[in-house]
Amino acid sequence: MWDNMNRYPFPIVQDVYSQAPAQWQYQQLVNPPMYSQECQQNPTPVGNPTQYPPQNMVFYSYNFQQVTDYTLLQLQKENMQLKNQLNKKVLKEEALKELIEVQGNAYISFTESGRVVQLTHFVFESVKVIQYDLFYARKPQLLVKLSIQEKPGMINLDDIYNDKKWITFLEKTSQTSIRIYKSVKHVAILLRSIAYRYAPEVFVPYFGGWVNTDDHQLYYTFSGFRTSAGSDTPESYECAYAEIPYSARAAAEKYLSRMEPVLDKPLRNFFIIWMHTSFLQSILSHLGVQISKIPVIQAANPVVQTYLHRILSVHHNRILNMNMPPDDFAHTLAAYKDQPFVIQYQQCGKNSAENEEILGQALSGGRIPIIKNKKEVGQLAFGTLPVLLSDGTADLSRKFYGIPITATSDAFDLTQCAAVVGESICAADYWSAFLAFTSKHIDELNRLLQTFVPMALQLSSDKEYTAEHAMVLGAMCGVAAFLERFYQELSISGIKILNNGWMSYMAELLEESSAQFAAPEGLADSFIAAAKQAILQNRFPCYQIFRTLSAIPHGAIYYSDTYVCFDRIAFETICQSAACNPGAVKRDLADQGYFFGKMVNSHSYESRISLDLQKNGKKTIRVYKFKRELIESLGEPALFQEG
């Protein structure tokens, strides 16, 4: 019976009750004294032997209820001690692990003892991660608005991981002290984690113009109707043009009136269409229309030059010229995103050659190299369509194969030109209406481009211009049709831009440009051949130098035994008949050494001759002078009738 008892020094309650005789289980023992006695020797069993406990076994007698109560109390005490130890461990582990916002003006936490402590006198009202455009050359920053200060603070994103800098920044911004428990690192981690909990990223753009927002194109500008920030100081957009203003019609009529000094209507329409096309460069690129040719305008008259600069650029007080440092030149090209502007070409200057290379790369490849310390550090999309303006002494059309335009004085009303130059013009008055209209009707613009661009490409097979020139024609035709739709929206009648006169004018320009593209080095010989043909066909009056004239003719040729002279009208007319740009021809003639005699200056290519007039005596005029043997070769028919 006792073999299955536990082997402790004394039996437990379960052993006693399970192994004792049945009458023991019901015997009531009330506080019996503990005793011990030796067992007697077992008698010799007779019959059915009765089992007895082993001899010399010692029995211990207990009050079982007392033992049970004592055991439970001990267990409860030990359990309470374990719970206290566990709570202390949890408090120690969780101490200063979480911040709790109290009434929107402080953060509290708990110490190891469970005591509440206040760490700050502020809460984070808003936190934003500011990511800057690469043009700002700025590191990302954290913009922090605290509950007790109106002015937010900013800290570089790298610095918030420096615990001391982070705490110092918060104390300086809040103008309060932060209580430090455990360590600066521990408190900094707590404040950093809660600041980052609701910190959205905000991108600060450097460029405006057309921006895709929620699958919708909107035109954004900074202050002053600029499409770039213009400095290292971050700026926010000032305006997005989504609605056509009520003053749109009056602004459109005023804009068109400023174009009236251009008496040549096809030329006027070209300027109008090109200006609007320049505002759409990003959209055109997005729609797959790449324009790689730009107008190259020769304007000798200073009034015409100033007027063109005013009407062909939005910011007439911002001048871009070829002599700028290359870093600034490339930066400025990028800064005029989706806006027209004028590049004043000047051949002289140490930077002009390098800037010509930058412009040529932008036109041919559609990318602007970003240059820092004379090294290219990246590239941007070429998002603008400038106009090259020269005074006629130099030309870029041969280098960049642009769209050559000669702006002669007789194509302009000089008095009206001067009046427009003197006006105070607000660019946004008119353009805001056109940009808002475009934003609402981009699908229609796309449809028009899909109609006219393939048509122009098909026509290029019959005309004498390249596919690149055809892309210019198709894009401008699409924009012209879109522009007529815009004027209809404003209830402006009588505006017909897309007409046969403009189309013919544009085709001639493109053919002339293509001719320069095909044989840019043969312009001088082309002019000489065209001049001989013009003299043989008697298209100009020819006068001997010593002959007395009643008046100075316009569009004449003068000759002597040693040289032949062309006045400006005759020279430019011959250039046009040869489908050559006059500026490009002059440049090539000078390079070939074909000009003869002393020139007025190093850039004009003109010389002076004296004529005898019947009433006014001698009169000096400017002409383009060549050796006679260059125009009239031996063995060929005589060009001039002597005597």
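Lys-532 lies in helix H17, which spans residues 523–536; helices (H or I, at least four residues) and strands (E, at least two) are DSSP runs, numbered from the N terminus. The model is predicted: local features need pLDDT of at least 70, side-chain atom pairs count only at pLDDT 80 or more, and totals for chains, interfaces and linings use all residues. Residues are numbered from 1 along each chain as its sequence is written, and side-chain values use heavy atoms, with hydrogens and water left out.

**Surroundings of Lys-532**
- Lys-532 is buried because its relative accessible area is 17%, where buried means under 20%, exposed over 50% and partly exposed in between (1.4 Å probe, protein chains only).
- Leaving aside residues up to four places away in sequence, Lys-532 touches Leu-630, Ile-631, Ser-633, Glu-636 and Leu-639; a contact means heavy atoms within 4.5 Å.

**Val-116 and a surface patch**
- Val-116 belongs to strand S3, residues 116–118.
- Val-116 counts as partly exposed because its relative accessibility is 47%.
- Together with Ile-100 and Phe-110, Val-116 makes a nonpolar surface patch of about 230 Å².

**The whole protein**
- The protein contains 20 helices and 23 strands.
- Of its 643 residues, 46% count as buried.
- Among contacts between residues at least 6 apart in sequence, 64% join residues at least 24 apart.

Definitions and conventions:
Patch = residues over 30% accessible without salt bridge, like charges linked within 9 Å, V, L, I, M, F, W, Y side chains within 5 Å. Areas by Shrake-Rupley, 256 points an atom, 1.4 Å probe, with all protein chains shown as cover. Salt bridge = Lys/Arg side-chain N within 4 Å of Asp/Glu carboxyl O.
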